[in-house]
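Let's take a walk through this one together, chain by chain and then across the contact. Have the sequence and the 3D view open as you read.

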Amino acid sequence: MSLVVLGISDLQVSKNPDDILITYSLGSCIGIAAYDPETKVGGMIHYMLPLSKISPDKAAKKPGMFADTGVPILLKKLFAMGASKDRLVLKVAGGSHLMDQNKVFNIGERNYLVLRKILWKNNLLIKSEDVGGNLSRTLRMELDSGLTTVKSSQGVREL
Amino acid sequence: MNMKEQIVSKVSSFPTLPAMAGKLLNLLNDPDVTGSDIGKVVQYDPALTANLMKAANSAYLGVATQVNSINEAIFRLGSKWIFQIAVSSLIYSNLRRPVSGYDLSGEDLWRHSIAVGLMADILNRELKIKDVGLAFTGGLLHDMGKIIMGEFIDDKFEEIENTVHDQKLSFEQAEEKILGVDHPEIGALIAENWKFPAPLVDCIRYHHDPEAAPEIHQSIDLVHIADALCLMQGYGVGRDGINYKPNSNSVDRLKLTTTIIEKATSQLNTSLEEVDNLIKESPAPEAVGRFS
């Protein structure tokens with residue numbers, strides 16, 4: 001088993017059954033684990049902001065920073081590797097917020113809403129999710145089975 | 001000794017800073033400090049000079065011609081950058097250590113500290129506030145107190161966490177309730193022990209509660225907001241998670257908007273990588289191994 005660690009703004013795809021994709025410290029950021037159980041192609045993204053219009057030059061260099069640039073690239077890469085849209089299982093974690101939050105800190109919620117919109121436009125559904133609250137989460141997916149877990153101060157649970 | 005006294009007694013035995021860092025931080029007292037003032041301090045440390053030259057020649061700045069002297073480096077980088085790189089290099093080994101109670105690896109505390117320093121400075125620039133390095137330095141050093149608090153938190157973590165949930169307190173409020181003192185106060189005591197300038201001590205002491213400061217200056221608000229944003233975005237988050245409450249008055253005083261926050265967020269992601277690599281690759285020998 002080899003651990004492929006995604007940092008903030010990274011995206012990765014793989015069809016190596018030995019790989020485990022993992023990303024740590026999802027706060028307001030969102031992590032998506034996508035998997036096709038038939039071809040065993042999987043991918044993950046850890047994006048931090050909803051829309052790239054805030055900084056198009058950063059989006060050009062690091063598309064995984066934003067939902068609207070990163071998620072379509074993740075999907076395209078998965079399809080190019082043999083994943084099928086009909087079989088793709090999407091699991092989502094993150095989108096937390098601070099306590100007593102002021103509206104200007106709403107990044108987590110906005111990250112989630114924009115994702116729903118992108119997926120809706122692409123006729124894709126989220127299979128399961130662990131989003132919101134004040135938690136910092138770790139998202140982990142095993143490529144051989146698609147087993148996806150979320151770890152936080154509340155423990156580990158399967159998504 | 002009660003718990004608070006036990007914790008405070010550790011402050012005097014906390015490792016001292018490299019002498020050079022003290023000299024640099026004293027420059028924060030002077031609002032008109034120039035690049036050449038900073039150059040006069042750093043030029044006697046060869047490793048630090050090498051770091052600054054390397055920074056001036058880094059691809060990040062996108063300039064083709066090489067700089068060959070510290071004066072050229074200062075001219076190219078500007079006083080703010082020089083100051084930031086110098087202070088970060090000197091303080092790196094003090095902050096790069098694991099803190100057990102908060103479950104922070106050595107990498108986590110460093111990453112969080114440098115992220116908050118850079119975020120405070122990026123917000124500073126976005127908001128066009130004049131400042132040579134106070135917000136950055138305050139951000140870099142705001143969580144030093146956690147290094148001492150860590151071992152005491154370890155024994156009481158469950159009690160603190162239950163207090164956070166049951167009484168809807170933020171983490172540092174629960175620290176204070178259970179241990180009699182919180183990490184901002186311990187950090188401020190270290191800073192006073194190191195004879196830091198008063199505004200810098202304030203940035204550390206009030207970083208979770210700017211309203212409590214005898215005089216609210218913008219650097220405290222900047223460090224407070226930068227800390228909240230970096231925790232929220234997952235830069236070096238420990239067991240205390242993101243159980244912190246950002247102060248709405250700080251948001252109002254700084255006139256923060258979602259756009260400014262999102263711009264700063266994307267900027268931080270790239271700046272952090274650059275600065276982190278620069279400092280990790282060639283930390284100044286004065287800082288390395290001295291206290292390890």
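Start with chain B, whose secondary structure comes to 14 helices and zero strands. Helices here are DSSP runs of H or I with at least four residues, strands are runs of E with at least two, and both are numbered from the N terminus. Read along the sequence, then, chain B goes α-α-α-α-α-α-α-α-α-α-α-α-α-α. Its radius of gyration is 18 Å, close to the 19 Å that the globule rule gives for 292 residues, so chain B is as compact as a globular protein of that length. (That radius is taken over C-alpha atoms, and the globule rule is 2.2 Å times the number of residues to the power 0.38.)

Before going further, a word on ground rules: this is a predicted model, in which local features need pLDDT of at least 70 and side-chain atom pairs count only at pLDDT 80 or more, while totals for chains, interfaces and linings use all residues. Residues are numbered from 1 along each chain as its sequence is written, and chains are lettered from A and ligands numbered from 1 in the order in which they are written.

Back to chain B: along its principal axes the C-alpha trace spans about 60 × 40 × 30 Å. Of its 292 residues, 54% count as buried. Buried means 20 or more other C-beta atoms within 10 Å of the residue's own, exposed means 12 or fewer, and partly exposed is in between, with C-beta atoms placed from the backbone. As for contacts (C-beta atoms, placed from the backbone, within 7 Å), residues 24 or more positions apart account for 71% of those in chain B with a separation of 6 or more.

Now look at how some of these helices pack. Helix H8 (residues 145-167) and helix H9 (residues 171-179) of chain B have axes that come within 9 Å and cross at roughly 110°. That makes H8(B) roughly perpendicular to H9(B). Axes are lines fitted to C-alpha atoms, for helices over the stretch in contact, and angles run from 0 to 180 degrees between N-to-C directions; under 35 degrees counts as roughly parallel, over 145 as roughly antiparallel, 65 to 115 as roughly perpendicular and the rest as oblique. On the H8(B) side, the residues that meet H9(B) include B:Met149, B:Phe152 and B:Ile160, and their partners in H9(B) include B:Phe171, B:Ala174 and B:Ile178. The residues of this H8(B)-H9(B) contact divide into eight nonpolar, one polar and four charged. For those classes, Ala, Val, Leu, Ile, Met, Phe, Trp, Tyr, Cys and Pro count as nonpolar, Asp, Glu, Lys and Arg as charged, and the others, Gly among them, as polar.

Another pair to pick out is H7(B) and helix H11 (residues 198-205) of chain B, which pack at an angle of about 45° with their axes 9 Å apart. H7(B) and H11(B) are therefore oblique to each other. Here B:Leu134, B:Thr137, B:Gly138 and B:Leu141 in H7(B) meet B:Pro199, B:Leu200, B:Cys203 and B:Ile204 in H11(B). By class, that contact has six nonpolar, two polar and no charged residues.

Two loops deserve a glance too. B:Asp103 is in the loop between helix H5 (70-95) and helix H6 (106-126) of chain B, and its phi is near 60°, a positive value in a residue other than glycine. B:Asp103 is partly exposed, with 18 other C-beta atoms within 10 Å. B:Lys128, in the loop between H6 and helix H7 (134-141) of chain B, also isn't a glycine, yet has a positive phi of about 55°. With 6 C-beta neighbours inside 10 Å, B:Lys128 counts as exposed.

Over to chain A, which has three helices and ten strands. Along the sequence they run β-β-β-β-β-α-α-β-α-β-β-β-β. Buried residues make up 48% of the 159 residues in chain A. One of its residues, A:Gly43, sits in strand S5 (residues 41-47) of chain A and is buried, with 26 other C-beta atoms within 10 Å. Beyond its neighbours within four places in sequence, A:Gly43 is in contact with residues including A:Leu11, A:Val13, A:Ala34 and A:Leu74.

Finally, how do the chains meet, and how many residues does each give? The contact takes 27 residues from chain B and 26 residues from chain A. On the chain B side, H14(B) gives the most, with nine residues.

Note on methods:
Contact = placed C-beta atoms within 7 Å.
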